[in-house]
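Look at the sequence and the structure first, then read on.

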Amino acid sequence: MKILVIEDYEPIRTSVAQGFREAGFAVDATGDGEEGLWYARGGDYDVIILDLMLPKVDGLTILGRLREHENPASVLILTAKDTVQDRVKGLDLGADDYLVKPFAFEELLARVRALVRRKYEARSPVISVADLEIDTSARTVRRAGRAVELTAREYAILEFLALRVGQVVTRTEIWDHIYDFDAEPGSNVIDVTVGHLRKRLQRGKRPPLIHTRRGVGYVLGEPE
Amino acid sequence: MRRSLRTTLILSTTLGTAAVLLAAGVLLYMLVRDGLVDQFDRALLDKACLLASAMEWERRELDLNFDEFDMHEFERRDRPAYLQIWLTDGTVAFRSPSLAGADLQHPAGSLEGPFCRRVVLPDGRPGRAAGFTMTPKTEGSSPPPDAAAVTVMLARGTGSVDSTLAQLAVLLVAVGLAAVAVSAGVLWLFVRRGLRPLDRLADRIGGLGEQDLSQRIHLPDAPAELEPVAARLNDLLGRLEAAFERERRFSADVAHELRTPLAGLRSTMDVALTKSRRADEYAHALDRCLRITVQLQAMVEHLLSLARLDAGQVEIRPETVCLADLLRDAWKPLAEAAEARRLRVRWVPGPEVTVTTDPSLLGLVVRNILENAVVHANEGGLVTIETVAEKNETTIRIANSGSCLTQKQADHVFERLWRGDDARTDVGIHCGLGLPLVNQVVTVLGGAVAARSTAGGDFLITVSIPNAPPHAASP
């Protein structure tokens with residue numbers, strides 16, 4: 001999943017970005033409203049974490065512009081403004097959630113995960129496909145009852161496929177949602193990672209669950 | 001116990017009423033007593049006259065001729081009256097039967113006119129005696145004896161008068177006491193009713209809480225005397241409300257401003273603790289926390305300084321200081337930060353200037369302005385420091401390039417917690433309190449400070465300090 005952090009206070013921006021990266025998210029971060037708006041329009045973000053008091057363009061203006069252009073990203077407002085009027089104003093302008101500073105990082109993480117689930121219409125944090133079980137809150141994977149060890153990126157791709165189970169997911173979509181601006185673009189980075197992922201999910205003679213649609217992308221689903 | 005207005009009022013008025021009533025009662029009693037005694041005496045004398053008129057000298061014998069009168073009172077045994085008649089030589093001419101041989105006390109001395117006096121009757125009762133000396137008429141042609149005068153004396157018990165007077169006294173005392181009691185009661189009621197608005201005022205004041213100072217005291221039916229009290233109280237409440245509101249807004253702003261660095265600290269530590277890390281990663285997180293803490297500390301210290309200045313707790317210790325040295329000392333700790341931002345510094349020192357002022361306070365002023373200039377100058381920009389000596393005051397001008405403030409925004413820089421649009425981009429020392437502190441300190445030093453933003457993007461702060469310390473300059 002990919003998020004954008006627009007926060008002008010450097011210590012919060014850096015630590016939140018680091019925390020989300022370590023939790024398996026692709027993260028872009030900026031401290032400037034104008035740049036933030038540019039990022040938000042260009043990238044395919046699942047969630048945007050937005051501060052309100054920003055230089056150049058303030059947070060509510062950014063939110064208004066995004067909603068005007070029907071940007072699909074969920075927006076979580078992260079601010080020191082804590083009055084009811086501020087919250088109502090933010091939510092009425094189209095924000096999906098509101099968190100007041102100072103905050104517990106764990107809570108921010110959980111709220112962002114919930115926004116992601118809502119976006120992909122997954123009610124439960126546990127997604128099951130045949131004998132594969134993905135717990136998106138604990139970030140654990142089990143196949144046939146046994147735990148599967150994955151790297152952060154492998155997990156991220158599996159989770160993205162699982163959230164859109166049964167649908168074809170293109171390589172571009174995977175690139176846009178899993179890799180941030182710092183990632184080196186390569187022709188077969190995704191193919192290699194998916195190959196590793198398939199191997200790790202292999203359990204004896206059990207049929208594979210990730211299928212390739214040639215020239216299009218991948219789909220996670222029941223064995224074919 | 002505290003003196004009560006109500007008790008004092010009632011007590012003094014009641015005592016006054018009682019004194020007046022007592023005087024009136026005593027006067028009345030004396031008048032009635034004198035009247036009664038006078039009447040009593042006159043009755044005695046009338047009877048004596050009547051009896052005397054019947055007496056005759058007949059052939060040198062005194063003929064009494066009392067038969068035609070009612071002499072019953074001199075004969076009865078129960079509380080009788082007494083009558084005695086003496087001749088000039090002192091021999092007793094007549095004794096009423098009630099005397100039973102005893103004597104009334106002879107009225108010694110001059111016996112010309114009628115006399116009345118208080119006596120003790122032979123049977124021990126208190127009484128009054130009255131009488132006179134006269135010469136009875138003579139019967140026929142026989143001459144009266146040489147000493148023809150007789151002294152008549154009549155005495156009666158004063159029991160009835162005394163009991164009437166006693167009843168009067170009792171009546172007067174009772175009426176007096178009742179009058180005092182009734183007047184005290186009525187007074188108590190009126191005073192209580194009169195003071196009720198005071199109680200209501202106290203209730204209203206007691207009902208005021210610090211939570212809601214917008215309330216005012218209205219006493220529509222209060223007496224005119226309480227009107228100024230309520231008005232003054234309302235004035236006080238108004239001033240308190242305004243002060244509380246200012247404080248509340250400021251503390252809300254402070255809380256809001258403190259939240260951001262606190263959130264930075266918390267999320268940095270939260271994220272650092274999500275898993276076990278390499279030592280250099282921890283060191284990095286700690287370093288970041290330290291920087292935020294230093295920033296928080298600066299903010300809190302600024303707040304404390306502002307609070308002390310507001311409370312007037314700052315003492316000014318004037319010394320003669322060299323301005324150039326003071327500026328150089330203030331610049332030293334900033335030189336590194338300025339170098340990191342590749343800032344150029346232009347010193348325009350006037351002639352060697354000394355001022356007599358508090359060096360630590362002026363140092364604080366200069367340090368804050370320089371800090372502000374270093375933080376807000378554009379990367380690779382210019383900081384200009386200039387001093388101008390005038391006759392009565394010294395002016396320090398500190399400017400930085402690369403400002404994007406309009407003059408309208410520049411007018412706000414001395415407001416607490418105000419920040420320009422891009423104030424946060426360079427996260428460091430600035431927290432919206434440095435320049436307000438400058439403003440406050442310069443005011444305490446008796447000087448003036450102004451901020452100007454030029455069209456060329458220069459932001460200039462001018463501080464004028466009087467050459468003499470403020471308390472020496474003021475009369």
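Which residue of chain B forms a salt bridge with A:Glu10? The partner of A:Glu10 is B:Arg291, with the closest N and O atoms 3.9 Å apart. A salt bridge here is a side-chain nitrogen of Lys or Arg within 4 Å of a carboxyl oxygen of Asp or Glu. A:Glu10 lies in helix α1 of chain A and B:Arg291 in helix α4 (residues 279-310) of chain B, so the pair joins two chains.

This is a predicted model, in which local features need pLDDT of at least 70, side-chain atom pairs count only at pLDDT 80 or more, and totals for chains, interfaces and linings use all residues. Residues are numbered from 1 along each chain as its sequence is written, chains are lettered from A and ligands numbered from 1 in the order in which they are written, and side-chain values use heavy atoms, leaving out hydrogens and water.

**Between the chains**

- 25 residues of chain A are in contact (heavy atoms within 4.5 Å) with 24 residues of chain B.
- About 2100 Å² is buried between chain A and chain B, and carbon and sulfur atoms give 59% of that area. Buried area is the accessible area (1.4 Å probe) that two parts lose on being put together, summed over both.
- A:Tyr9, A:Glu22 and A:Pro102 supply 25% of the area that chain A buries against chain B, more than any other three residues.
- A:Glu22 also meets B:Arg277 in a salt bridge (2.4 Å, N to O).
- Between chain A and chain B the count is 3 salt bridges. Over all chains, the structure holds 31.

**Helices in chain A**

- Helix α1 (residues 10-22) and helix α5 (residues 105-119) of chain A pack at an angle of about 55°, their axes 11 Å apart. Helices are DSSP runs (H or I, at least four residues), numbered from the N terminus. Axes are lines fitted to C-alpha atoms over the stretch in contact, and angles run from 0 to 180 degrees between N-to-C directions.
- α1(A) and α5(A) are therefore oblique to each other. Angles under 35 degrees count as roughly parallel, over 145 as roughly antiparallel, 65 to 115 as roughly perpendicular and the rest as oblique.
- A:Val16, A:Gly19 and A:Phe20 in α1(A) meet A:Phe105, A:Leu108, A:Leu109 and A:Val112 in α5(A).

**Helices in chain B**

- Helix α7 (residues 359-376) and helix α9 (residues 434-444) of chain B pack at about 150°, with axes 9 Å apart.
- α7(B) and α9(B) are therefore roughly antiparallel to each other.
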